[in-house]
Amino acid sequence: MGLQDISCDFLIRTVWSGLVGCALYTVYLCIYRLYFHPLSSVPGPKLAAVTRFYEAYYNVLWHDGQYLFKTERLHAIYGPIVRISPNEVSIKDPHFYDKIYYIGSGFEKDPAFYSGFGVNHSMFATRSNAQHSAMRASFNPFFSRRNILSLEYAVKETVGKLCGRIDKAVQDKNPFDILHGFKAVSIDVITGFAFDFSFNLLDREDVGKSFCEETEARLGSHWIAMYFPVIHIILPRLPLGLVKVLQPGIQALIDLKGTVGGALTSTVFGILSNPAIGERLHKELKEAFPDPNEELSFLKLETIPYLSAVIKEGTRKYPGLIARLPRLTPPGGISYGQYYIPEGVSISMSAYYMHKDEVVFPEPAKFNPERWIGPDARSLEKFLVPFSKGSRACLGINLAYCELFLIVGSIFRKYDLEIYDTSEADITPVRDYMIGYPMKESKGFRVLARDRAH
Ligand code: HEM
């Protein structure tokens, strides 16, 4: 036997040993995760308990952003707590939300989820709550209610530009792409605030549609980066064009445009689906602002109860950010019913499930602003969580409300709107890219606008 034969034999034995070792380790891992893991008694599909490929199958491998919806179906089978991956449980119980998401909570963001954004050390994705507080402290003053009120003029200017685009569509008797109009306002405002220039999407012929389609592709790729973190090593070596498609993190702030756009789409579509709602809203706006040329103000708009009700109902029905928000259990763990969830387990809840709870919000599929006006309205507030709750809740909440009130107030004071060639399916989120996106074939959301005579 020559030296070459010996080394070939050695190589084959080494490869075999490696394969056998991997197989044995996989078997051990499966048995451990199924029978000895601290979550082994939590109900859920066995495959999800054994491997994260189960989740990847629904989010990227076969389907596209579907695990949130699959998890909803799993809750229907297994109950309010489901083990959705080897180290993660999902909870669908509105009364549990404030046990995890509250100011001073010891639950930290789960890096296994947030690393997919490729910005591990950012305020948004950092695991450590202490590090987060330090970073957030420097942003808070800029996004405080007081500061947003002082910058209201900039939001008004941008909403004025949106109305200019609608006026043009009225003149030409053309339908207007209101979905991208909404997203454009949001991007133009935030880029104007954050940089010393605005992207001015409202000046573009397509109201920023092509820009938004590009960022949608980027957001979907968050899931790929989450299951295959090696992508963050490969990315810097790829041509720039490809990187732009794959890298989701760098534009995180801009990509948040989908949240305001989603809330507005949901609100305006809900209003227009029922003419009585639109008429009542217009009537109350007219009472508050009798002169059609009077400039609307955020502070005054906030005092119109029916306007607040439609906006709450819009953010309830389709919260822009629908994803589950996984947090790691702190030392001491936490119990849910008979189940003890020890330290270091990922536990997640979603506004999407909260807002569809039939007990808290009867007939959840119905756009019903009345639920925010009746005697029970106050008790419902704690279940409305589009911006999440606690120390890691949305930084932009004051800006978002300022935009929502000024836009909805302005367009329903000024125009008589009608849905154009758009069905509920065109706006219903069916893909979870953190932000909810409708079906790929969606025709968008267009309206026909007419000027109100008064
Ligand atoms: C209706 C509109 C919006 C909704 C529904 C929304 C929702 C949310 C939610 C649920 C979170 C928590 C995410 C998590 O726990 O991982 C969040 C975080 C955040 N949002 Fe918003 N958002 C909206 C608008 C905005 C706007 C206009 C801005 C612009 C400044 C913004 C900036 C942020 C930032 C920077 C964070 C991270 C905060 C932190 O980590 O401390 N959001 N948002």
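This is a predicted model: local features need pLDDT of at least 70, side-chain atom pairs count only at pLDDT 80 or more; totals for chains, interfaces and linings use all residues.
Helices here are DSSP runs of H or I with at least four residues, numbered from the N terminus.

**First stop: the ligand shell**

Helix 15 gives the most, with three residues. The shell holds 22 residues, and those that come nearest to the ligand are T259, S388, C394, G396 and A400. Colour the shell by residue class: 16 of its residues are nonpolar, four are polar and two are charged.

Now centre the view on A400, which lies in helix 21. A400 counts as buried because it has 23 C-beta neighbours inside 10 Å, the cut-off for a buried residue being 20 or more.

In soluble globular proteins, nonpolar side chains tend to be buried together. To view the largest nonpolar core of this model, which has 51 residues, begin with L404, F405, I407 and V408, the members that touch the most others. Helix 21 contributes the largest share of this core, 11 residues. Select L404 next and display its surroundings; beyond its neighbours within four places in sequence, L404 is in contact with V260, A263, L264 and I311. Apart from this core lies another, of 36 residues; select V42, Y67, V89 and F107 among them to locate it.

Two packed helices are described by the angle between their axes and the distance between the axes. Select helix 16 (residues 275-288) and helix 21 (residues 397-414), which pack at an angle of about 95 degrees with axes 9 Å apart. Angles of 65 to 115 degrees count as roughly perpendicular, and helix 16 and helix 21 are therefore roughly perpendicular to each other. For the contact itself, show G278, L281, H282, L285 and K286 on helix 16, and G409, F412 and R413 on helix 21. By class, this contact comprises three nonpolar, three polar and two charged residues.

Move to the loop between helix 10 (178-194) and helix 11 (209-227), where N200 is found. N200 is not a glycine, yet its phi is positive, near 50 degrees. Is N200 buried or partly exposed? N200 counts as partly exposed, because it has 15 C-beta neighbours inside 10 Å.

Then select M434, in the loop between strand 10 (431-433) and strand 11 (435-437). M434 also has a positive phi, of about 75 degrees, without being a glycine. M434 is buried, since 26 other C-beta atoms lie within 10 Å.

**Last stop: P438**

Follow the chain to P438, in the loop between strand 11 and strand 12 (446-451). With 21 C-beta neighbours inside 10 Å, P438 counts as buried. Which residues does P438 touch, leaving out those up to four places away in sequence? Display D426, I427, T428, P429 and V430, which are its contacts. Finally, draw the C-alpha to C-alpha distance from P438 to I427: the two residues are 11 apart in sequence and 5.4 Å apart in space.

Methods. Residues are numbered from 1 along each chain as its sequence is written. Axes are lines fitted to C-alpha atoms, for helices over the stretch in contact, and angles run from 0 to 180 degrees between N-to-C directions. Helices (H or I, at least four residues) and strands (E, at least two) are DSSP runs, numbered from the N terminus. Angles under 35 degrees count as roughly parallel, over 145 as roughly antiparallel, 65 to 115 as roughly perpendicular and the rest as oblique. Two residues are in contact if their C-beta atoms, placed from the backbone, lie within 7 Å. Ala, Val, Leu, Ile, Met, Phe, Trp, Tyr, Cys and Pro count as nonpolar, Asp, Glu, Lys and Arg as charged, and the others, Gly among them, as polar. A nonpolar core is a set of buried Ala, Val, Leu, Ile, Met, Phe, Trp, Tyr and Cys residues joined through C-beta atoms within 7 Å. A residue is buried if 20 or more other C-beta atoms lie within 10 Å of its own, exposed if 12 or fewer, and partly exposed in between; C-beta atoms are placed from the backbone. A residue is near a molecule or strand if its C-beta atom, placed from the backbone, lies within 6 Å of it.
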